[in-house]
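Student: Hi! I've got a new structure up on my screen and would like to talk through its surface. Can you help me?
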Amino acid sequence: MTSSWGAGLEPSSIKFRLGARYNSVFNDAMAPQTGWAQWRTTIDYNLGLASTPIGDFTLQGEAGTGRNYTVSWNSFATTLDSKTVPDQVFNMRKIYLQDVVEGWVLQGGVIPPNSGDIPTVGYDVDGWLQGGRVVAPVLDGNVQVATGVLANVADPNAFKEWASWNYFSLKAVQQLPWELQGSLSYEYIGDNGVDYLQDSNYVGAELTRKWTLDDGIVLKGGLEAIHNFSQPSWAGAAAVSLKLKPVTIKLRYTYINPNFGLRGELSNDYFVDGNRVSINFGGDIPGVKNLKWFANTDLTDTKSKFMRIRAGLTYGFGASEAGYLALFD
């Protein structure tokens, strides 16, 4: 996994991401349970505020569609008469100040819930954490500490009043022999007075490797597991990704114990608890820069949500300018 501070943006930049897709869920009799036409608009911004002897300061964030922590899509039409089209929402989902100085990274505000690449059972890329994070370089990796509030998961509004503190995490990432990268993590999530949260302590581990093959082919593999010590249960995943010139193919297996709690429901691309096999395809559309297609299928052992199919298009564009509003020697 590689560092993704600033999501690859220049010191001052803005990036728009647009998408349209069809999303349908079937039961084990292959009867459709939902069938939605959906759209997504996301704005990622990065404003270079000041370059100083104590670090480079930027204001970063994300505004976009989506009704909750794990969803950034709005549904606007349905193929089932029994479904009602929900309100079309657009919110500031993240906004935070970041300082980078001599390899250290400090973040404060409504920050991304992850740092670096996002594993399958990591927090969803569309989520947030109200609080702060410090990343310190150590040997051939880093140590990450984050703390704050994990709440309001059904209200993606960065300007909502903060609740009481309930979150702490510690993660160590290091390069290992044979070009492997490993990490160990600890997390605490408190109940925060919300009945669907329970005081839980989690310990996790990840192991990843990337191979660059001939003709630009990239193969990635990963294993990950998290144990909930407070309500003894496991979640884990095994994934492989093959990037070819015309298409990227991703295959992964995910297991989330039904007793695992909210931590599992906030995981990246969450669908249901239990066993899930996902097969994802995607690639560029020739002749149109930054226009991409995707087709994803999930199979589970849950009778009411046996299969999920999502297919659509995404398009991204933006502008950037190197530099900061103020420079201090």
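Predicted model: local features only at pLDDT ≥ 70, side-chain atom pairs only at ≥ 80, totals over all residues.
Student: Which residues form the positive surface patch?
Tutor: K243 is one of them; K210, K220 and K250 are the others in that positive patch.
Student: Now the greasy side. Which residues form the nonpolar patch on the surface?
Tutor: That patch is made of V240, L251, Y253, V277, I279, F281, W293, L299 and L313. Together they have about 690 Å² of accessible area.
Student: Which elements give two or more residues to it?
Tutor: Strands β14 (248–256), β15 (274–284) and β16 (291–300) do. The largest share, 3 residues, comes from β15.
Student: Take L299, then. Where is L299 placed, and is L299 buried or partly exposed?
Tutor: L299 belongs to strand β16. With 35% relative accessibility, L299 counts as partly exposed.
Student: Switching topic: what about T52, is T52 buried or exposed?
Tutor: T52 counts as buried, because its relative accessibility is 18% and buried means under 20%. In the chain, T52 lies in strand β2, residues 32–52.
Student: What is T52 in contact with, leaving aside neighbours within four places in sequence?
Tutor: With those neighbours set aside, T52 is in contact with F57 and F328.

Conventions: Residues numbered from 1 in each chain as written. Heavy atoms only, no water. Patch = residues over 30% accessible without salt bridge, like charges linked within 9 Å, V, L, I, M, F, W, Y side chains within 5 Å. Areas by Shrake-Rupley, 256 points an atom, 1.4 Å probe, with all protein chains shown as cover. Salt bridge = Lys/Arg side-chain N within 4 Å of Asp/Glu carboxyl O. Lys, Arg positive; Asp, Glu negative; His and termini not counted. Charge placed at Lys NZ, Arg CZ, Asp CG, Glu CD. Helix = DSSP H or I, 4+ residues; strand = E, 2+ residues; numbered from the N terminus. Buried < 20%, exposed > 50% of the residue type's maximum accessible area, 1.4 Å probe, protein only. Contact = heavy atoms within 4.5 Å.
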